[in-house]
Amino acid sequence: MSFFDTVGKFAVGSRLRLLTEKITEDATQIYNMYGIDMNPKWFPVFYVLSRGEAMTITAIAKEIGHSHPSVSKIISEMVEKGLVKEKKDKTDGRRNMVSLSAKGKEITGKIEEQYTDVRNAIEAISANTTHDLWKAIAEWEFLLEQKSLLRWVQEQKKERESRKVKIVDYQPAYQQAFKELNVEWISTYFKMEEADYKALDNPQGYILDNGGHILVALYDDVPAGVCALIKMKDPEYDYELAKMAVSPAAQGKSIGWLLGSAILEKARSLGAKKVYLESNTILKPAINLYNKLGFEKIVGHPSPYERCNIQMERVL
């Protein structure tokens with residue numbers, strides 16, 4: 001087992017597969033020892049049918065947790081071996097009902113002693129272990145039903161990559177990135193408007209000189225996201241969160257969340273009580289981000305943008 005000691009827990013799939021292969025190999029010999037001609041992979045199907053009730057392939061698949069194609073293949077193999085039979089459902093001719101054949105039923109009588117011995121063998125192995133494998137498997141199954149291993153890994157990847165993100169204040173060297181990142185997403189979904197050109201062509205004069213701020217997200221020291229806080233001349237709102245853009249190549253690294261959180265903290269440090277933003281509901285990831293950041297939908301505020309169909313506010 002030196003390979004798994006060296007590689008560690010991320011080889012869990014390979015280790016479980018090796019254990020499965022070892023147990024399956026022994027299971028084949030165990031069936032032979034008791035004179036039962038059966039492939040170990042057929043056992044779940046055989047067991048549910050051994051209770052005597054004819055079932056559809058769909059019902060069998062649901063009960064044993066296998067896919068329909070997998071069960072269908074097993075049934076075909078068992079039919080060829082003469083252990084099960086299929087016939088049309090009397091109440092619904094479109095469905096095939098599967099049940100044990102006479103040969104299959106003979107096995108149900110012969111296999112009881114094997115069940116007893118295997119059960120006792122498993123109990124004996126468990127008695128010699130520190131950890132209960134059966135309970136551990138149940139715990140893993142439960143957790144993976146709630147969230148797949150893929151999802152667990154995706155979250156760890158996002159967390160690791162997000163640690164490479166640095167949020168910095170805008171500098172003139174970032175003007176091109178500020179414009180290009182915004183033009184990219186605006187042109188993908190909408191069209192550039194006059195207000196866009198004012199902000200993107202002259203961020204110093206339009207945003208910064210008027211009391212606003214711009215933050216830049218660097219990923220490996222390369223601008224990957226931007227967000228602006230524009231000072232508003234409004235009796236209700238202090239600032240507008242605007243011109244948030246993340247490079248498509250850098251998405252999935254929590255950059256939007258980090259930028260949004262940082263820009264709200266900036267607004268809070270400036271004494272702001274409310275922050276306003278405008279967006280469009282076609283931008284579902286953006287709307288989800290704004291909701292996560294605590295923004296709530298409002299109505300009735302005038303907008304200079306044709307593309308705006310939702311307005312939101314965040315009370316600080």
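A residue counts as buried when its relative accessible area is under 20%, as exposed when that area is over 50%, and as partly exposed in between. With these terms, this briefing describes a predicted model. A search of the whole structure finds 20 salt bridges.

- The side chains of Lys-253 and Glu-161 form a salt bridge, with an N to O distance of 3.3 Å.
- Lys-253 belongs to the loop between strand 6 (239–246) and helix 13 (255–269), while Glu-161 belongs to helix 9 (residues 149–162).
- The pair thus joins distant parts of the chain, 92 residues apart.
- Both Lys-253 and Glu-161 are buried.

- Asp-37 and Lys-81 form a salt bridge in which the closest N and O atoms are 3.3 Å apart.
- Because Asp-37 lies in the loop between helix 2 (12–33) and helix 3 (43–49) and Lys-81 lies in helix 5 (residues 68–81), the pair ties together parts that are 44 residues apart in sequence.
- Asp-37 has a relative accessibility of 44% and therefore counts as partly exposed.
- Lys-81 is also partly exposed, its relative accessible area being 35%.

- The side chains of Glu-265 and Arg-268 meet in a salt bridge, at 2.9 Å from N to O.
- Both residues lie in helix 13, and they are 3 residues apart, which is about one turn of the helix.
- Glu-265 is partly exposed, with a relative accessible area of 44%.
- Arg-268 is likewise partly exposed, with a relative accessible area of 36%.

**A network of salt bridges**

- Salt bridges link Glu-193, Asp-196, Lys-243 and Arg-307 in a network.
- One member of this network, Asp-196, also takes part in the contact of helix 11 with helix 10.

**The contact of helix 10 with helix 11**

- The axes of helix 10 (residues 175–189) and helix 11 (residues 194–201) come within 9 Å and cross at roughly 155°.
- Angles over 145 degrees count as roughly antiparallel, and helix 10 and helix 11 are therefore roughly antiparallel to each other.
- On the side of helix 10, the contact involves Gln-175, Phe-178, Lys-179, Asn-182, Val-183 and Ile-186.
- These residues meet Asp-196, Ala-199, Leu-200 and Asp-201 in helix 11.
- By type, the residues of this contact divide into 5 nonpolar, 2 polar and 3 charged.

Notes: Residues numbered from 1 in each chain as written. Predicted model: local features only at pLDDT ≥ 70, side-chain atom pairs only at ≥ 80, totals over all residues. Heavy atoms only, no water. Axes fitted to C-alpha atoms, helices over the stretch in contact; angles between N-to-C directions. Helix = DSSP H or I, 4+ residues; strand = E, 2+ residues; numbered from the N terminus. Parallel < 35°, antiparallel > 145°, perpendicular 65-115°, else oblique. Contact = heavy atoms within 4.5 Å. Nonpolar A, V, L, I, M, F, W, Y, C, P; charged D, E, K, R; others polar. Salt bridge = Lys/Arg side-chain N within 4 Å of Asp/Glu carboxyl O. Buried < 20%, exposed > 50% of the residue type's maximum accessible area, 1.4 Å probe, protein only.
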